[in-house]
Every structure is written in structure tokens, then in C-alpha cells.
Amino acid sequence: MQAVSEKPFRPDLVAVPVVLLLGTVFALIEVAKSPDPLMVIQAWTFLACMLGISTFFLRRYAVGLPDEESGPYVNDVVKAGVIASMFWGIVGMLVGVVIALQLAFPHIFYFSNFPFTNFGRLRPLHTSAVIFAFGGNVLIATSFYVVQRTCHARLAGGSWAWFVFWGYQTFIVLAGTGYLLGITQGREYAEPEWYVDIWLTIVWVAYLFVFLATLWKRREPHIYVANWFYLSFIVTIAMLHIVNNLAMPVSLLQTKSFSLFSGVQDALIQWWYGHNAVGFFLTAGFLAIMYYFIPKRAERPVYSYRLSIVHFWTLIFIYIYIWAGPHHLLYTALPEWAQTLGMTFSIMLWMPSWGGMINGLMTLSGAWDKLRTDPVLRMLVASVAFYGMATFEGPVMSVKAVNALSHYTDWTIGHVHSGALGWVGFVSFGAIYCLVPWLWKRKSLYSLRLVEWHFWVSTLGIVFYITSMWVAGIMQGLMWRAYNDFGFLEYSFVETVAAMHPYYIIRALGGILYLAGTVIMVYNLWRTIRGGVSVAGESAALNQTLSVQGA
């Protein structure tokens, strides 16, 4: 009795059920009272998620409350994050292939009787699935893993970590089903409506609490640089999300809302959010992965810790201020001075970005030979190379003279995907390849030969994708501004679309190859988790690099 009475109070065991109960009540009210049929469908979806999460916690605690401090680290929620990452990755990339085929062959892949399959609804589904579902789960899973190891502390918050995981999956399901129903704010990277935004805010605050609380109780006095990048990503995304999504609902019982901002101010806020979402969600968070997994995999210290700190603070200073975002609004109603300042700050971003790239690549000093024998390390290093390429191309495209040609063309699509597929995709794949043997206590991956296949198939897919979009985009821009001797446009819009058709086919092929590589990865990871090891063609040195030591 004395031992029971001395057990500390667990606030998470009260707070999490209260949040789930309030969510369930909200869903029931919407189901019963909403005159909006789309809101009713969303409410039923949310209710199913609340009941599912509640069932998970009831089953988890049915046999008794686990001790928050039992065991060295919390691994189950990281395992769940890895599995969710790969599931959503396949979904998002498959949708991407579908919409690429729709653009290449609209007469085949257009279904007028099924509006939820239209490009206008599938495109935001693809974007959110690969960025927020795949990328977001990778960031949450790796941050939970890295912060525990670098702080020598068990993940704080008890049930909150699982709430973050399941709450984030609920956000993904609500957003994705909403897109298919035609529910959207029409804001780039911020399409979900007000009720989904509120739920994501709750989940994100819980995520920040878990991460900060773990840092607070660390046993290691030094905060490793990866944790600085993770923390900046979590805090800044919270701020960007709240400000950009300030909106007034038409009714608390309906899906539609209107932004608090209007006109050019709304555009500026949107691209302050949009560019910094790229800067912190798709850059800072994944740089944290780079700073942990490349040194870990190469078994070398970070090339320059001082450079990593300079990299962090310069990136934060330039990104966090509004002045990089206006390069998305060149030649618009935005004041000329704001456009020029946006271009200037965008060019300045080249320096800290390449500082981080150099730091990541030079970490392999003394271990370059491992690139020949370790395809996982090769994938991680290739991602850093793509990061350097994308962060050079971005500032160049922000220059007004270049932007006049590139903007609104498929060159921008190629640029985005060189960063998304090459940088974000490859660094995520490399981290997951590292995590699976560590988490499931396997000596090695099932097959490093399959990793080789994944690397080369996906790399070929990236090359097809971005080169086709570069050629198509530049051709597009040149055709749009070509004039004949009478001062009229040389080409009609339809002619530019027809000229791009072969390049759209090549893009679709590139997407199929990239998806095929990811399917190979999923098979490899599934066999690894099952405990199988393919020894054909594998060397002892390769297997040793995947050992569980220190993980």
C-alpha cells in the first residue's frame, strides 16, 4: 500500500482521456446538428478516429499502468512511426503517379462520374500525403528516437507520445478525406479547413511538450545540434500554422471558413508560411536527421561542430523573417521593395545552406571508402548532394530575371521535386534503413543488395523526373513569351501543352521508378522485421556496419 501511495501522479492519464472525450463530444454534436453533409461525413470520420484511439489506450492499460520510467528508452511509438511513414509514403507516391498519368494521358485517366478522382482533388492529397503524412511521420519518429539517445533520457510525458502519434494520423485522415470530398481552403501546404487546423494545433502542442520535457530531464548536459534543429522545426511550424490559418468559420457546424487576411496581405502571409514551411518542415527537421544519422552511420564525428552552430543560427535568422517568402510573389501586386528584399534574402540563403551541405559531406572525411560498400550511407550522402543542388537552384530562381522565365512553369515543379525526392526522400529512406535493424534488434537488413536496387532505381527515377521538368519548364516559358513580327503571341496555350506531352510521359515514368524503389524498400524492411537475412552477395563488413552497437 505504501509503494502504491508513493507512486507519482500521472497527469497524462487524466489529460489524454479528457482531450479524447471532448473530441468525441464535438464529433457527436456535428453529426447530430450539422446541416452540411460534408461536415457530417468528416464528423463521422473524426468520431471513428476518437473511438479507435480510445480503444487503443484502453487495451494498452487493461493489464495495468506501465511505469513511465521502466526500460531505458521508449521504442514502440518510434516503431509505429516507422511503419506509418512507409505506409503513407506508398500512398502519397502512388497518388503522385496517378496524377502524373492524368496530365500525360487525360483522355484515359479522367473519370467524370467519380469527381473525387479529379486532378484538382488528388493533387493536394498527393502533396499532403508525401509532405505531412510521410515526411511528418518520419520527423516525429526520428525526433523521438534521437532526443532519447542524445539526452540519455527516456521519452517524457507518458501517454502523450502515443497521443501525438495517433492524433497526427487522425489529422492526416481528416485532411485526406476532406480533399477527396472537395473540402479545402485553397492555401498551398495549408489546405485543411478550420476544424482540422484546431485539431492539429492540439496535437502539435502535445508534440512540443513531449520534446521539451525530454530535453528538460536529460542526463547529458550538452544539447546536441540535431535537437536544436528538431526544436526549431517544431516551434516555428506551430507559429506559422497558427498565423496562416487564422480564419472565421461560416458556422461552427459547417466546413467553410474565410481567412482573417485579404488581398495582397493574405498573399504575403500565405507565402511567409509557405516558404518557411519548406524552410523548417522540409529543411530544418531533415537537417536534424542528417546531423544524427550520417555521423552515426559513418562512425565519424560531425566534421565541424562550430560550423553546425553557424549553420543553425544563420538559417534560422534568414528563414524566420518574412523577407524570403516574397520571392514567390515577384511581378505581382506586392510592393516592388518587398519583392527586391525577398530576392535578396533568398540569395543570402545559399550560404548557410551550402555550409550545412559541406558539413554533412565532410563528415565522411576518412571514411569515403564506405560509400563503395554501404548503400545506406550512399543514400544519405546523395540526399545531402541533392540538398545542395536544390538550395543553389532555389536562390537562382528567385532572381527576378530568371523568375520571369521560370515562374508558373514546370521548371518550378522540377525544382520542388529535386528537393522532395532527392533530399527529403533519400535522407528519410536512409534514416529508416538505419532505424529498423536498431529498433527490432536485427543484426542487419534483410538484403543490402535490395538497398542497392532501391538506390539506383529511385535515382534513375529522379533524373527522369527533374530533367524532363527542367526541359519542359524552360520550353514552356520561352513559348509563352515568344512574339511574331506583328506583336502577337507566337503560340497558343494549347500548343504549349501539346509540346510538353512527351516530357509529361517521361515524368510519369520517373515517378513510377521512384515508387518502384520505395516498394522494394518496404519489402526489404518487412523481411528484416520478420527476422530474415539474405546472405547471398553480402559481406561481413557490410553486415557489421548495420550492427546494433550504440543504438
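Tutor: Helices here are DSSP runs of H or I with at least four residues, numbered from the N terminus, while strands are E runs of at least two. This is a predicted model: local features need pLDDT of at least 70, side-chain atom pairs count only at pLDDT 80 or more, and totals for chains, interfaces and linings use all residues. Residues are numbered from 1 along each chain as its sequence is written, and side-chain values use heavy atoms, with hydrogens and water left out.

Look back along helix 19 itself. It covers residues 501-530, 30 residues in total. From first C-alpha to last it reaches 44 Å, close to the 44 Å expected at 1.5 Å a residue. The expected span is 1.5 Å times one less than the number of residues.

Positive phi values also turn up outside glycine. Tyr 331 has a phi near 60°. It sits in the loop between helix 10 (305-320) and helix 11. Tyr 331 counts as exposed because its relative accessible area is 53%; buried means under 20%, exposed over 50%, and partly exposed in between (1.4 Å probe, protein chains only). Lys 441 is another non-glycine case, with phi near 55°. Its loop runs between helix 16 (410-439) and helix 17 (448-480). Lys 441 is exposed too, at 56%.

Now the salt bridges. A salt bridge puts a side-chain nitrogen of Lys or Arg within 4 Å of a carboxyl oxygen of Asp or Glu. The whole structure holds seven. One of them joins Asp 266 to Arg 187, with the closest N and O atoms 2.9 Å apart. Asp 266 belongs to helix 9, and Arg 187 to the loop between helix 6 and helix 7; 79 residues separate them, so distant parts of the chain are linked. Both Asp 266 and Arg 187 are buried.

That loop also carries Gly 186, between helix 6 (160-181) and helix 7 (194-216). Gly 186 is exposed because its relative accessibility is 64%. Between Gly 186 and Val 278 there are 92 residues in sequence and 17 Å in space, C-alpha to C-alpha.

Helix 9 supplies a partner for a further bridge. Arg 297 pairs with Asp 374, closest N and O atoms 2.8 Å apart. Arg 297 lies in helix 9 and Asp 374 in the loop between helix 13 (370-373) and helix 14 (375-398), so parts 77 residues apart in sequence are tied together. Arg 297 and Asp 374 are both buried.

Next come Glu 336 and Lys 400. Their closest N and O atoms are 2.4 Å apart. Glu 336 is in helix 11 (residues 336-348) and Lys 400 in helix 15 (residues 400-406), a link across 64 residues. Lys 400 is buried because its relative accessible area is 16%. Helix 15 also includes Ser 406. At 0% relative accessibility, Ser 406 is buried. Neighbours within four places in sequence aside, Ser 406 contacts (heavy atoms within 4.5 Å) Met 397, Trp 411 and Thr 412.

Now go to the nonpolar interior. A nonpolar core is a set of buried Ala, Val, Leu, Ile, Met, Phe, Trp, Tyr and Cys residues joined through side-chain atoms within 4.5 Å. The largest one has 155 residues; Phe 144, Phe 163, Tyr 168, Phe 233, Phe 281 and Phe 293 touch the most other members. Helix 9 (residues 263-298) gives this core its largest share, 20 residues. Take Phe 144.

Finish at Val 18, in helix 2 (residues 12-33). At 40% relative accessibility, Val 18 is partly exposed.
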